Amino acid sequence: MKLTSIRLTNVRRFVDPVEITGIGPGLNLLSAPNEQGKSTIFDALHALFFKDAKSWDKEVRALAPHAGGDPEIEVELTHQGSHFRIAKSFTKSAGKGTARIWREGGSCIRPTRRKHGCATSSRRPRTGRSACSGCGRG
């Protein structure tokens, strides 16, 4: 998986949308003076990939800006030759956050939640195994 762009809205200091584009293959460096949002970007990426969209736990609450607003995180990436866009928004209202994945061409893939907590695509074909095709767990 290779990230190609990151977009943040209402994430800590980034109340207005900010986008990082031009992320290329290989090593990419993010350099800026202190207090410019480098750690915020990494915390937002962590939330995008590892937090449930319906969560409003301590780490997710810490992403909300002091001015108010619901954190929104979006990335574009390539994986196994296909292009995807993943967007997640968190909200203070319990259970109201959203997560969406789009495949190149605009088709939306709706993630489903397996009983062990792994989010996998509902379009992913079953392989006949009892383990989850997304993470290998049952």
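The following dialogue examines how terms are applied to this predicted model.

Tutor: The model is predicted: local features need pLDDT of at least 70 and side-chain atom pairs count only at pLDDT 80 or more, whereas totals for chains, interfaces and linings use all residues. Residues are numbered from 1 along each chain as its sequence is written, and side-chain values use heavy atoms, with hydrogens and water left out.

Student: What makes up the chain in terms of helices and strands?

Tutor: The chain has 2 helices and 8 strands, in the order β-β-α-α-β-β-β-β-β-β from the N terminus. These elements are DSSP runs, numbered from the N terminus: helices are H or I with at least four residues, and strands are E with at least two.

Student: Why is N10 called buried?

Tutor: Buried means under 20% relative accessible area, exposed means over 50%, and partly exposed lies in between (1.4 Å probe, protein chains only). N10 has 15% relative accessibility and therefore counts as buried. This residue lies in the loop between β1 (2-9) and β2 (18-20). Of the 138 residues of the chain, 30% count as buried.

Student: Which residues does N10 touch?

Tutor: Not counting residues up to four places away in sequence, N10 touches V15, L63, A64, P65, G68, G69, D70 and P71. Contact means heavy atoms within 4.5 Å.

Student: How do you know that β4 and β5 pair?

Tutor: Two strands pair if DSSP finds at least two bridges between them. Strand β4 (residues 82-89) is joined to β5 (residues 98-103) by 6 bridges, and the two run antiparallel; they therefore pair by this rule.

Student: What is the charged end of R85 placed over?

Tutor: The charged end of R85 sits over the ring of W102, 3.9 Å from its centre.

Student: Which side chains does a polar contact of 2.8 Å join?

Tutor: The side chains of S89 and T98 are joined by this polar contact of 2.8 Å. S89 lies in strand β4.

Definitions and conventions
Lys NZ or Arg CZ within 6 Å of the ring centre and 35° of its normal. Polar contact = N/O pair within 3.5 Å; in protein donor to acceptor, adjacent residues only side chain to side chain.
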